Amino acid sequence: MDRAPAIEQRIPLSRPDLSAAEVEEVLAVLRTPVLSLGPKLREFEDAMAGLLGVRHAVAVSSGTAALHLAVRAAGLPEGAEVITTPFSFVASANVLLYERAVPAFVDVDDQTLNLTPPAVEEAIGRRYRETDRGWVNRDSGRLLVGILPVDVFGLPVDIDGFRALARRCRLWLVEDACEAVGSEVFSPSASAWVQAGARADVAAYAFYPNKQMTTGEGGLITTDDDRLAERCRMERNQGRLPDSPWLEHGVLGFNYRMDELSAALGVVQCRRFAELLHKRRQVAERYGRALGDIEEILLPAAVPGTRPNWFVYVIRLAARVDRDLLGRFLAERGIETRPYFPPIHLQAPYQQRFGYHAGVFPVCEQAARRTLALPFFNDLTEEAVGVIARTLREGVHFCVAAQS
Ligand SMILES: *Cc1c(COP(=O)(O)O)cnc(C)c1O
C-alpha cells in the first residue's frame, strides 16, 4: 500500500453530543449531597417514559443491566430457551447465560439483518413440539419461554408480527431496543407510529457514549406492566421492597442503580432529544448523498413502516471488496471504522459452551464479513463526510484492484 498523506485530525467512529447545558446540570448535582437515588433519577425516568410513550421507565446502570432485569422480570427459569439473533452486540445473548438459560439463535433476514416473525415461527415449528407445558425442544427437552428480538443498528423489527406470534405461542416478548432509541415503527394494530420498544412486553435501552443519546453509562427498562416495573425497581436496588427499610431485602437483587450524575446528563439529553434526532438524521442524509453512487456499497436503508434513528452507520460491501483491507486503508488515512458485528455464536464463550462452528447461520455470517461501520455522530460535518466519501471511493477502487 502506498503511504497515506499525514492527516491532522483523526475522524473517530463516534462521539457524544454534549452541550454546555449537560455540563451545568451535572455540576448542579455535584453541588448537592445527593449523588444516588435522588430527584434526577425520577426526572429522567419520567422524561423517558414521555418520549417513548410507555407507562413505566426504570433507569439502571447500563443497557446490559436493563436487559438482564428485563428477561428476569419476563420470566427465565434455569435451562429455558429463548429465541434470539446471532447478529447483535454480545450482551443481548449474554444476559440469558447469566441466568443459565440458553439462547436459541435463528438466522436473520438478509435485507434488514433483523429477526423476522415468519423465520422465528418456522424455527419454532421445526425445533419444538407443543405440549401442555408449552413448546419443548425436540432434542434437548428444554422449554421455550420467550422471544428476544434486537432492533439492529436502530432498524425496528416487525413488532406487530412478533406480538401476534408471541401471543399465539404463549411466549414473552422482550425487545432489545438498545440500538434504537428514537426509532419509530408503524404499528397497524395501534394504527399509529410508535417508538421502537414501546409495544414489547418489556424493552431495554442503552445510553453508553456511542449510542444516540448518553448518560455516560446507563440503561432503561420500559413496560406498561405495573408488576414487571415494580420487580425491576426492586432488583436494581439490591432487592429492596418498595417500602422496606434500607437493610431489608425481600428478593434477590443487584446493584444496577443509575447515579444522579448520569441521570442529570440524561435529563438534558431528553430535553434536547428532538435536536439530537434531527442532527443525526442530517448526517445520515449527508452520507446518502455522498455515497449513493458507489456501486460496491450498499447503504443502510429504512424498510417500509420504519423510521430508524441510526445507532451506527453500517455499509455493506460487495464481495469483490476486501473489507479488512479497506478498513486498514481508511485507518491509515485517519478514518476509524469497525466491522459490526462479529456473530455472537462464533464468540469464544458460545463456541466453547454450545459447540457452534462457522456455517450454521449463513446469512448472519455473510453479513458479518461484509459490514463496515463508518464514523457517525451528530457533529460530523459536511466536510468530514466529504473527506470520508472521497477516501472511501479511493479505498474501494484500491481494494478491488488488489483483489484482481
Ligand atoms: C449497547 C447494546 C447493549 C448494552 O448496552 P451497554 O450499555 O453497553 O451495557 C445491549 N444490546 C445491544 C444490541 C447493544 O447495542
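Domain bounds here come from an automatic or database domain assignment. For this chain, that assignment gives domain 1 (20-271) and domain 2 (273-403). Their centres, taken over C-alpha atoms, are 25 Å apart. Domain 1 puts 43 residues into the contact, and domain 2 puts in 36 residues. Contact means heavy atoms within 4.5 Å.

A word on what we are looking at. This is a predicted model: local features need pLDDT of at least 70, side-chain atom pairs count only at pLDDT 80 or more, and totals for chains, interfaces and linings use all residues. Residues are numbered from 1 along each chain as its sequence is written, and side-chain values use heavy atoms, with hydrogens and water left out.

Now the core. A nonpolar core is a set of buried Ala, Val, Leu, Ile, Met, Phe, Trp, Tyr and Cys residues joined through side-chain atoms within 4.5 Å. Buried means under 20% relative accessible area, exposed over 50%, partly exposed in between, with a 1.4 Å probe and protein chains only. The largest one has 52 residues. Phe-87, Phe-153, Tyr-287, Leu-326, Tyr-340 and Leu-380 touch the most other members. Elements giving two or more residues include α4 (91-98), α9 (273-291), α10 (323-332) and α13 (382-403). Helices (H or I, at least four residues) and strands (E, at least two) are DSSP runs, numbered from the N terminus. The top contributor is α13, with seven residues. Where does this core lie? It lies between domain 1 and domain 2, because both give residues to it. A second, separate core has 29 residues, among them Val-145, Val-174, Ala-229 and Tyr-256.

Next, α9. This helix has 19 residues and spans 27 Å from first C-alpha to last, close to the 27 Å expected. The expected span is 1.5 Å times one less than the number of residues. Its buried residues include Phe-273, Lys-279, Arg-280, Arg-286 and Tyr-287. The buried set packs against α2 (39-52), α8 (260-271), β14, β15 and α13. Take Tyr-287. Beyond its neighbours within four places in sequence, its contacts include Leu-299, Tyr-313, Leu-374, Phe-376, Leu-380 and Ile-388.

Last, the ligand. Which residues are closest? Of the 13 residues around the ligand, the closest are Gly-63, Thr-64, Asp-176, Glu-179 and Lys-211. Near means a heavy atom within 4 Å. Thr-64 has a polar side-chain atom 2.5 Å from a ligand oxygen atom. Glu-179 also places a polar side-chain atom 2.5 Å from an oxygen atom of the ligand. For Asp-176, a side-chain N or O atom sits 2.8 Å from a ligand nitrogen atom.

Terms used
A polar contact is a pair of N or O atoms within 3.5 Å; within protein, one must be able to donate a hydrogen and the other to accept it, and residues adjacent in sequence count only if both atoms are side-chain atoms.
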